[in-house]
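Q: I have a structure open and want to go through it piece by piece. Can we start with how some of the helices pack?

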Amino acid sequence: MTAEMAYGALSAKVRALYGKRLRSDDFARLAARRSEAEILDELRQHPGWSRALALVPPGAWGYVGRVEVERALQEELRLEYQSLAYYVPREDKPLMQFQLRAAERSAILSALRRLKAGLSPREAPPPPRIALHSRLDEAAAAACTTYDQLTEAARDTIYYSALRQLRPPRTDELPDFTRADAVLRTAYYAHLLRIVRSQYQGRTQKVLLRAIGEQIDLLNILHILRLKTYFPQTPREDYAGVLFPFQYRLTMDFLRRLCEAPGAEGAYELLRVSPYGDCFDETAVDAVEEYYQRAVFRFNKRQLSAVPPSIYTAIAYLELKELELGVLVNVIESVKYGVPYHAEFANLVGG
């Protein structure tokens, strides 16, 4: 089938959903509200968020906490994922499950963080109203008291082998959290790359490899800059433990020289002449993190209008919806806790 025949309906659905997004003036108006309850009541009337928030009784707004609010908002992403999955050809379904695999990784890391903090097992969170098939035994992960129990809860996931490799020699020990995060993310990206290289070709493969590859490059840069900025005494040999063993526009030699650079300023000097040099005018880690988000947004927004459409049309939309959710969470936290409202990024996402 031609791309238009295979993905035309999917592309039309994506355009319809994207037309319901929150705009810049919506974010500004929500940020000016007096309370979280007022924000949530307004969102219940907005076509891009009303379906999920309608599932929470309005009278409960005054009693829900931050976790419950974010869980309610996440329901909208699940609803939209489910609605798009209906239009996805069978051969694209393994790749389309990228958000499920990322959610499993986050749940595993959350359980490991709890174990390292010495906190008691938590009651498993209520199952989402919009059920999606997860390979992780989430109830067992929430209730685990040992690393071996957490590993067993992940037996059917793509992370099982990595968790077994991370297992310390002693049963009463836990792996380093930073290294575990890097190893599980490596398993995630390796899984996606295997699918892309084995199942796609031509323009679609090129777009997918660029989308994944540039994210990996920028995340590797961020890992190095964070170490040099916040942990300058970190031995050079420890840098490899937090880096992904993949590159797109960078090379292993460049990453090695970046790790060996004298301090953060030395790293920035190297980065200014790298393929990503245009984002290093400012020498601050938070500026680079903002650049990463902006780069992800702009790349994915361009893909929504790509001709011909492909499976990445749906992936691009879901990435954009995730960024919209991030802005929305910032708006709520700015009203509820007084944290800074990131108007510039909100204007970009809502443009």
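Q: At what angle do the axes of helix α11 and helix α12 cross?
A: The axes of helix α11 (residues 177–199) and helix α12 (residues 202–230) cross at roughly 160° and come within 10 Å. Axes here are lines fitted to C-alpha atoms, for helices over the stretch in contact, and angles run from 0 to 180 degrees between N-to-C directions. Helices (H or I, at least four residues) are DSSP runs, numbered from the N terminus. This is a predicted model, where local features need pLDDT of at least 70 and side-chain atom pairs count only at pLDDT 80 or more, while totals for chains, interfaces and linings use all residues. Residues are numbered from 1 along each chain as its sequence is written, and side-chain values use heavy atoms, with hydrogens and water left out.

Q: Why give both an angle and a distance?
A: Two packed helices are described by the angle between their axes and the distance between the axes.

Q: OK, so are α11 and α12 roughly parallel or roughly antiparallel?
A: They are roughly antiparallel to each other. Angles under 35 degrees count as roughly parallel, over 145 as roughly antiparallel, 65 to 115 as roughly perpendicular and the rest as oblique.

Q: And which residues meet there?
A: From α11 there are Tyr189, Leu192, Leu193, Val196 and Arg197, and from α12 there are Gln205, Leu208, Leu209, Ile212, Gln215, Ile216 and Leu219. Contact means heavy atoms within 4.5 Å.

Q: What kinds of residues are those?
A: The contact of α11 with α12 has nine nonpolar residues, two polar and one charged. Ala, Val, Leu, Ile, Met, Phe, Trp, Tyr, Cys and Pro count as nonpolar, Asp, Glu, Lys and Arg as charged, and the others, Gly among them, as polar.

Q: Buried or exposed?
A: Thr186 counts as buried, at 16% relative accessibility. Buried means under 20% relative accessible area, exposed over 50%, and partly exposed in between (1.4 Å probe, protein chains only).

Q: Back to α12. How does it pack with α16?
A: α12 and α16 pack at an angle of about 25°, and their axes are 9 Å apart. That makes α12 roughly parallel to α16. Thr204, Val207, Leu208, Ala211 and Gln215 of α12 make the contact with Ile311, Tyr312, Ile315 and Glu319 of α16. These divide into six nonpolar, two polar and one charged.

Q: How far is Ala314 from Ser106?
A: Their C-alpha atoms are separated by 22 Å, and the two are 208 residues apart along the chain.

Q: New topic. How many disulfides are there?
A: Zero, from a search of the whole structure. A disulfide is a covalent bond between the sulfur atoms of two cysteines, and the search takes a pair of cysteine sulfur atoms within 2.5 Å.

Q: Are Cys144 and Cys259 buried or exposed?
A: Cys144 is buried, with a relative accessible area of 1%, and Cys259 counts as buried at 9% relative accessibility.

Q: Which residues does a cis peptide bond join?
A: A cis peptide bond joins Val307 and Pro308, with omega about 0°. Pro308 is in the loop between α15 (285–304) and α16 (311–336).

Notes:
Helix = DSSP H or I, 4+ residues; strand = E, 2+ residues; numbered from the N terminus.
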